[in-house]
Amino acid sequence: MQKKIQIFIRQYHMIEENDHVAVGVSGGADSVCLLHLLCELRKCMHFRLTAVHVEHGIRGAESLADAAFVRQLCADWNVPLHTFSVDALHQAKTQHQSLEEAARELRYRCFYEACRKCGANRLAVAHHGDDCAETVLFHLSRGTGLRGLCGIVPVRELPEQKLTLIRPLLCVTKAEIEAYLEQIGQEYRTDSTNADVTMSRNRIRSQVLPQLCEVNTAAVPHIVRTAGYLEEICEYLDEAAWDAGSAYITYERGKKIKL
């Protein structure tokens with residue numbers, strides 16, 4: 001598992017020597033797995049590591065217990081930790097967002113703040129292959145174009161934050177993550193809201209993907225691979241469009257673009 005992740009990281013140039021990586025850690029299986037792998041890899045890849053935990057104010061005592069679990073985990077593994085508490089319910093109500101959207105917006109806002117405070121130039125999140133396949137199916141069911149079928153990309157530049165967002169676990173499945181944690185005897189927390197099938201993504205995760213895996217056990221890796229092919233096509237089309245249009249565009253300092 002560690003070797004597989006290390007190869008994937010090097011393939012996409014996610015982490016270079018002397019980088020400072022901030023990693024989002026919720027306490028769930030995915031983020032605990034990512035934190036453990038990065039702790040192991042920092043020994044041979046020579047980068048700094050900081051963890052970030054966001055308590056969303058949604059699940060009461062369960063959420064506070066998650067935060068306590070992450071604090072102890074980071075202390076045990078000698079990883080500096082930045083913690084935040086936010087009110088996702090208030091954000092959702094005042095900004096007319098779904099609770100999921102509000103929580104995500106606040107979470108990333110905290111991630112960016114933590115990166116600024118600690119000087120991290122990489123932000124690692126724990127999306128894995130099942131998440132990518134789930135995203136493709138979610139977009140497909142709602143209606144989408146080519147870009148929506150690209151799923152989740154391994155690396156994304158965030159110029160405004162002066163960060164590179166990386167997803168080192170995209171090359172593995174949820175089953176591989178859970179098997180790895182069982183193998184090393186590592187506990188993790190389980191978010192009770194993941195069982196709420198009234199949420200579309202949870203329904204796809206718990207009902208649709210397992211059915212596809214009944215059709216083909218490699219359904220998730222196949223969907224992820226196809227999403228990667230489509231991302232390459234999108235990149236090519238973007239470059240080709242700019243190349244074709246560059247002959248008809250004139251740039252003048254301090255003035256609008258002239259066609």
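Trainee: In which sense do β5 and β6 pair?

Mentor: This is a predicted model, where local features need pLDDT of at least 70, side-chain atom pairs count only at pLDDT 80 or more, and totals for chains, interfaces and linings use all residues. Residues are numbered from 1 along each chain as its sequence is written, and side-chain values use heavy atoms, without hydrogens and water. Strands are DSSP runs (E, at least two residues; helices are H or I, at least four), numbered from the N terminus, and two strands pair if DSSP finds at least two bridges between them. Over four bridges, β5 and β6 (residues 163-166) are antiparallel.

Trainee: Which strands are the edges of the sheet?

Mentor: The open sheet has six strands in the order β3-β2-β1-β4-β6-β5, with mixed pairing. Pairing on one side only marks the edge strands, β3 (81-85) and β5 (155-158).

Trainee: Is Q186 buried or exposed?

Mentor: Q186 is in the loop between α7 (174-184) and α8 (200-215). Leaving aside neighbours within four places in sequence, its contacts (heavy atoms within 4.5 Å) are V32, F69, L73, W77 and L181. Buried means under 20% relative accessible area and exposed over 50%, with partly exposed in between (1.4 Å probe, protein chains only). At 18%, Q186 is therefore buried.
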